[in-house]
Amino acid sequence: MAPRPILINRDYTRLWFGQAVSSVGDMVFSTTLMLWVATVLAKDETWAPAAVSGVLVAGGTAVLVVGPIAGVFVDRWDKRRTMLGTEALRGGLVALLAAVSFLPADALPAGVWLVLVYGTVLVLHASARFFAPARFTIIADLVTGEADRARAAGITQATSQTALIVGPPLAAPLFFTLGVQWAMLFNALSYLVSYVAIHAVRVEPSKPAPADGGGTGKAAAGRSGVLPEFVAGLRFFRRSTFLVALLVFAVIGQFGAGALNTLNIFFTTENLGMSARLFGYVGMAIGVGGVVGALCAGRVVQWLGARRTTWVSLLVSGTLLVVYSRQTGFVGGIVVLVLFTVPITVLNTAMAPLLLSAATPEYRGRVVAVFQPMTQLAAMVAAALSGWLAGSVLHGFEGSVAGLRFGPVDTIIAAAGLCILLSGFYARSALPETATAEGGEPAGEPAREEPAGEAGGPADETAVPAPAAAPAPPRRGSTA
């Protein structure tokens with residue numbers, strides 16, 4: 001009998017399979033919602049762009065409101081049961097929306113349809129704030145060693161980037177040929193597959209986190225208030241100079257990536273002279289770069305160590321983004337964009353073992369819950385700021401330096417690249433060679449003796465995410 005393919009170990013393989021199916025389902029669902037709102041619910045309406053943006057606002061609101069406190073409950077609860085519960089909730093909710101969508105579009109006012117869509121997105125993203133830290137913690141238990149953790153992160157990143165390539169092309173035919181209902185049912189089925197895969201994972205039941213912040217475990221989390229535990233998590237985070245450094249350069253880097261996300265459609269059509277019909281190739285280029293980065297990142301982390309990989313990746317990606325801002329042709333721009341995404345993906349890989357090494361098991365949920373809202377907030381501020389600068393302060397701006405001409409969009413993107421460069425220099429000076437879970441102080445050289453095969457990185461939830469050509473779906477957790 002031929003041996004079954006195993007990724008790191010059997011339980012991690014089961015988790016990966018569920019995530020692989022669910023990631024495609026997420027991309028199909030998010031793309032379908034955008035198409036449904038833009039072409040059906042708000043068709044030919046002047047407020048259609050605002051209606052589409054409401055989907056993004058609903059998801060971002062869930063991250064900012066629920067994210068900080070979700071880690072407290074994740075640290076309290078059994079992680080496997082938390083993941084199973086969120087998958088059941090989300091699958092049932094999407095199936096319910098699919099059932100309602102069988103009604104004719106004119107059966108309900110457009111405002112009611114939009115409330116249903118926004119409410120569904122809000123709950124999906126809120127549930128994901130519980131799923132992601134729980135999955136992060138379980139992977140920390142299932143996968144040990146810096147190299148294997150980077151490898152696991154790489155597999156996750158490669159899977160997500162592949163879903164970015166596969167999902168949207170699959171969503172459009174499903175939507176226009178079969179209807180919105182079947183695209184939604186596809187996503188509901190993906191939650192079922194994920195549920196079955198998680199249920200097959202064998203992991204020791206989680207112990208409740210100590211509530212006193214002292215790591216004694218005497219005060220069970222269930223007997224304390226949510227606020228004291230939340231404060232204890234913040235106190236733990238604040239005491240770790242290593243975690244604070246990780247967050248600072250992640251937030252700085254997000255300002256760079258957020259500006260590119262917002263303005264890339266204008267840069268490609270105005271500066272690169274690309275037709276808007278070809279903008280899908282931008283997303284494909286990002287996906288290709290992400291897959292390439294995922295395939296090589298594990299060995300990069302093994303060779304250089306997670307810390308050195310982090311700041312080197314930031315410096316390289318920042319430089320490439322500045323180079324991208326100077327492109328004037330479609331082919332050259334696409335090539336540079338692919339190259340830019342590679343070190344971003346490698347960076348995400350390096351973040352996973354750094355976070356895992358800096359947080360004790362009882363605080364991992366709250367550590368992730370601090371990172372997610374802060375990086376999400378940075379991305380939202382960067383998007384708003386870059387849009388405001390391009391549309392008002394720098395509107396009509398033209399200048400030249402040493403014969404190089406600058407306009408508003410390419411100037412902002414170049415400044416975004418400088419932000420990422422700045423975060424790289426900060427990371428080089430602020431991160432010690434390794435970190436312990438006690439206080440973020442150096443603890444010797446990183447272990448590199450374990451082999452690494454595939455590579456990649458954790459998701460965009462813990463580090464500077466690869467810029468996406470389309471809005472990111474409610475992920476089921478890709479932090480490691």
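Predicted model: local features only at pLDDT ≥ 70, side-chain atom pairs only at ≥ 80, totals over all residues.
Val322 touches Ala414, Gly417 and Leu418, leaving aside residues up to four places away in sequence. Val322 belongs to helix α10, which covers residues 306–325. Is Val322 buried, exposed or partly exposed? Its relative accessibility is 25%, so Val322 counts as partly exposed, given that buried means under 20% and exposed over 50%. I would also draw your attention to Phe340: 18 residues separate Val322 from Phe340 in sequence, and their C-alpha atoms are 9.9 Å apart in space.

A second residue may be described in the same terms. Ser392 is part of helix α12, residues 364–393. With a relative accessible area of 38%, Ser392 is partly exposed. How far apart in space are Ser392 and Pro408, C-alpha to C-alpha? The distance is 9.8 Å, for a separation of 16 residues in sequence.

Let me now turn to the chain as a whole. The chain has 480 residues, and 55% of them count as buried. Its secondary structure comprises 13 helices and two strands. If we take the contacts between residues at least 6 apart in sequence, 85% of them join residues at least 24 apart. The chain exposes about 19100 Å², and 68% of that area is supplied by carbon and sulfur atoms.

The crossing of α1 past α6 is left-handed. By class, the residues in this contact of α1 with α6 are 16 nonpolar, seven polar and two charged.

Helix α6 also has a contact with helix α3, residues 79–100. Here the axes come within 8 Å and cross at roughly 165 degrees. That angle makes α3 roughly antiparallel to α6. The crossing of α3 and α6 is left-handed. Which residues meet in this contact? On the α3 side they include Arg80, Met83, Leu84, Glu87 and Ala88, together with Arg90, Gly91 and Val94. On the α6 side they include Gln181, Met184, Leu185, Asn187 and Ala188, together with Tyr191, Ser194 and Tyr195. The contact of α3 with α6 divides into 13 nonpolar, five polar and three charged residues.

The last pair is helix α7, residues 226–239, with helix α8, residues 241–271. How do their axes cross? They come within 5 Å and cross at roughly 90 degrees. An angle of 65 to 115 degrees counts as roughly perpendicular, so α7 is roughly perpendicular to α8. From α7, the contact is made by Phe236, Phe237, Arg238 and Arg239. From α8, it is made by Thr241, Leu243, Val244 and Leu247. In this contact of α7 with α8 there are five nonpolar residues, one polar and two charged.

Helix α7, by contrast, is roughly perpendicular to α8.

Terms used: Residues numbered from 1 in each chain as written. Heavy atoms only, no water. Helix = DSSP H or I, 4+ residues; strand = E, 2+ residues; numbered from the N terminus. Buried < 20%, exposed > 50% of the residue type's maximum accessible area, 1.4 Å probe, protein only. Contact = heavy atoms within 4.5 Å. Areas by Shrake-Rupley, 256 points an atom, 1.4 Å probe, with all protein chains shown as cover. Left-handed = near helix turned anticlockwise from the far one by under 90°. Nonpolar A, V, L, I, M, F, W, Y, C, P; charged D, E, K, R; others polar. Axes fitted to C-alpha atoms, helices over the stretch in contact; angles between N-to-C directions. Parallel < 35°, antiparallel > 145°, perpendicular 65-115°, else oblique.
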